[in-house]
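I opened the model to look up a few local features. My entries follow in the order I checked them.

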Amino acid sequence: MTLDLSPKEISPLPLGVERTPQGVLTFSGISLKELAAHYGTPLYVLSADVARQRAREILHAFQKVLGPRIYVSYAMKALYIPAFLAALKDLPLHFDAASAGEVLAAQKAGIGPGRLRLHGNNKTDGELRLAAGGGVGEVIVDNLDELSRWLSLSPKEGVRFTLRVAPGISPDTHEYIATGGRGGKFGLDLESGEALLALREAQRGGLPIRGLHAHLGSQIQDPFLYGKALEKLLDLRAAWAGETGRWLEEVNVGGGAAVRYGKENELSPETWAQALADALARRPWREPRPVVGIEPGRAIAAPAGLTLYEVGDGHRVDGFVPVVAVDGGMGDNIRPALYGAHYEAARVEAGTANDEEATHLVGRYCESGDILLREALLPRLRRGDLLAMFLTGAYTHPMAMAYNGIPRAAAVLLEEGRHSLVWRRETEEDLFRFHRMAPWQETS
Ligand SMILES: Cc1ncc(COP(=O)(O)O)c(C=O)c1O
């Protein structure tokens, strides 16, 4: 039997993924076949080594290009399993939470409040109170309603706050993950003057504003858009300085850097940082330089994860692309069904030469849109084969659901040749932990 490792192998294999001479895929040096046998499938396989490597690459690129006045905040919404967060804890990162639940995830990972930043539109009063009491180090206020609620809370000294601006920039990405345009649900409109109005309101409220923020969206490949966003924020900062004589300390251009899922190009940390450096270099020399922040989520978490599936039933009709089902699907990865996200996959054990065919890889959920990969060139799959779908570390586990009464998958963390279960597999019994048999209450 000849092992078919190239040229049809995905090339290059994702960071941390290799094939042994025997043709078995490994991640972070650990055999995926062994992990499947140990923990079952579907399984989220997360690598602390890859996550740290990605975070370090981003930190180094930004420090190298922009100097020390930068900070990087990991957007926990991409993946907030506490053991995964703990793997990032020793790096000089901040951590963005989108809710009190994500703040709790960070607490469980032992991350102190000073490193936490609270985001989100329509934060609850409870979340704002948590922040005001010092539960986080910084709040990013999303809109005027939230601003007045925030100002009424008399936040504890030292809790910083920043205003989120909608800069009117629409990236070329799926509309569900584009957030920087006008008239959407996030941020204070820049062009109409709403953002400037918010600055004045905040000033009247007597609270010092730390800075300005914008997040354009996700899976952004064009670095120029970041330069443009930074420029718009700096223009607003300069206008504010003209009005008050005060230069805001911080400007944050959000996250969203694209990863290479297959068809898309990665936005490298160096290119991303350079786009910001170029925008800064175009500013008048007299303008004081702000601290520049970024908030990558996907760029750290996506390559740090893959999903292991076992192949189940297949189905062939003459004249149509063969359909092969795996034991997971939209319940563990909603992204292909939600916004047509594209991935790559490979069989864990290399195939014999020339047995590839275009295949629709589908899940086991009762939706015809439950298609993980469309017309993917895969070896001819048979029941029991193991399949690895790459770069699934971001926006999969946090979006998992138990549709069809199918329990959610487990997650295992790999680090320096060791593995550990960090999210146990749900059971059918777990699905009913909130259920009650209608204990009726009489109305008075
Ligand atoms: C405000 C904010 N910052 C950062 C991110 C992270 O984006 P990404 O994971 O694409 O880097 C998001 C994602 O939605 C976001 O809403």
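I looked at the end of helix 1 and found that Gly 40 follows it, with a positive phi near 80 degrees. Helices here are DSSP runs of H or I with at least four residues, strands are runs of E with at least two, and both are numbered from the N terminus. The model is predicted, so I note that local features need pLDDT of at least 70 and side-chain atom pairs pLDDT 80 or more, while totals for chains, interfaces and linings use all residues. Residues are numbered from 1 along each chain as its sequence is written.

Which residues of helix 1 (residues 32–39) are buried? I found Leu 32, Leu 35, Ala 36 and Tyr 39. They lie on the same side of helix 1 because they cover an arc of only 100 degrees around the axis, taken from the directions from the helix axis to the C-beta atoms. Glu 34 and Ala 37, on the other side, are exposed. Buried means 20 or more other C-beta atoms within 10 Å of the residue's own, exposed 12 or fewer, with C-beta atoms placed from the backbone.

Next I checked strand 5 (residues 70–75), which runs parallel to strand 13 (residues 291–294) with 3 bridges; pairing takes at least two DSSP bridges. Val 72 has Ile 294 as its bridge partner in strand 13. Strand 5 also pairs in the parallel sense with strand 6 (residues 94–97), over 3 bridges, and there Ala 75 is partnered by Asp 96.
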